[in-house]
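The sequence and the structure come first, followed by the points grouped by topic.

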Amino acid sequence: MRIVRMSAAFVAAALLSILMSAGDLHAQSALTAPTIYRLDKGSTYQSGCFEPCLCPLLEQVAVRGTMTLTPAGSDWLYDYYKVTDVNWTAAIGDPGLRITGSGKYTIGGEFALVHRLELDLVVGNNLVEHFDSGQIPVASQFPAVNITVSIHGQFCFDTVVVVQASSAPLTQIHPYRLLSGTTFQRGCFGMCDCLTGAEQPVAGTFRLVELDPTPLYREFAVVDVRWRVGQADGSMVSGTPVRGFGMY
């Protein structure tokens with residue numbers, strides 16, 4: 001009986017250790033501030049028919065760009081993140097197929113580390129569609145993210161994005177400030193016949209994130225656009241805010 005009691009105590013201690021390890025693992029690597037992520041090589045886009053359907057399937061093409069993960073709370077099992085400013089380009093056509101949107105990312109688990117990425121994306125000129133990875137085991141050590149999202153779970157006609165991303169090094173994120181002389185103007189230009197508004201001053205900042213260069217160009221993701229359009233007289237007191245992201 002003494003041996004049985006010692007074995008039970010040992011098992012209980014081992015289970016407690018496993019629970020503490022699983023709970024601590026994601027907590028120790030959790031992000032503490034908004035973090036710009038950059039897609040790594042291996043990120044791909046593919047659309048068409050997957051098994052068991054029969055129709056053309058687009059060849060996998062590379063995807064480049066950025067997104068931002070922001071801590072959105074946690075509990076004893078999971079860390080939660082908002083995903084914003086999804087700013088990707090798939091290598092289809094010239095200048096490429098634009099993919100934008102936002103969503104959420106969850107990582108944690110009780111006995112094993114699992115994660116899930118859910119995104120509402122606009123692909124090209126399509127309407128917003130919901131992409132989901134489902135809850136799956138973690139394949140890379142966080143804060144790296146290695147996960148696949150799709151609309152229909154890679155079943156029949158589907159669109160699939162393999163997301164392999166890591167935080168962009170601070171040395172490759174370049175802050176910019178708009179200088180005096182930057183202006184905003186709205187109205188008709190060229191051949192169109194309508195009034196053109198006055199030039200209005202613009203102040204603010206943005207950042208450029210280095211992407212892998214192509215044979216012809218250096219390319220940057222434009223992130224954290226935070227501008228304010230002032231009045232024609234130069235006043236910025238009641239200016240219009242401008243937010244966004246893009247490519248350069």
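How far apart are the sulfur atoms of Cys188 and Cys194, which form a disulfide? They are 1.6 Å apart. The coordinates come from a predicted model. In total the chain holds 3 disulfides, counted as pairs of cysteine sulfur atoms within 2.5 Å. With bonded cysteines counted along the chain, the pairing pattern reads 1-3, 2-4, 5-6.

**Cys49 and Cys55**

- Cys49 is bonded to Cys55, with an S to S distance of 1.7 Å.
- The link of Cys49 and Cys55 is right-handed, with 105° about the S-S bond.
- Cys49 has a relative accessibility of 12% and therefore counts as buried, the cut-off being under 20%.
- Cys55, at 33% relative accessibility, counts as partly exposed.

**Cys53 and Cys156**

- Cys53 and Cys156 are joined by a disulfide with an S to S distance of 1.7 Å.
- This pair links distant parts of the chain, as the two cysteines are 103 residues apart.
- Cys53 sits in the loop between β2 (44-49) and β3 (61-74), while Cys156 sits in the loop between β9 (145-150) and β10 (157-167).
- The link of Cys53 and Cys156 is right-handed, and the angle about its S-S bond is 65°.
- Cys53 counts as partly exposed because its relative accessibility is 27%.
- Cys156 has a relative accessible area of 15%, so this residue is buried.

**Cys188 and Cys194**

- The torsion about the S-S bond of Cys188 and Cys194 is about 110°, which means that this disulfide is right-handed.
- Cys188 is partly exposed, at 23% relative accessibility.
- Cys194 is partly exposed as well, at 38% relative accessibility.

- Cys192 takes part in no disulfide.
- The nearest cysteine sulfur to Cys192 is that of Cys188, at 5.0 Å; a disulfide is counted within 2.5 Å.
- Why does Cys192 count as exposed? Its relative accessibility is 53%, and the class of exposed residues begins over 50%.

Technical notes:
Residues are numbered from 1 along each chain as its sequence is written. This is a predicted model: local features need pLDDT of at least 70, side-chain atom pairs count only at pLDDT 80 or more; totals for chains, interfaces and linings use all residues. Side-chain values use heavy atoms; hydrogens and water are left out. Buried means under 20% relative accessible area, exposed over 50%, partly exposed in between (1.4 Å probe, protein chains only). Helices (H or I, at least four residues) and strands (E, at least two) are DSSP runs, numbered from the N terminus.
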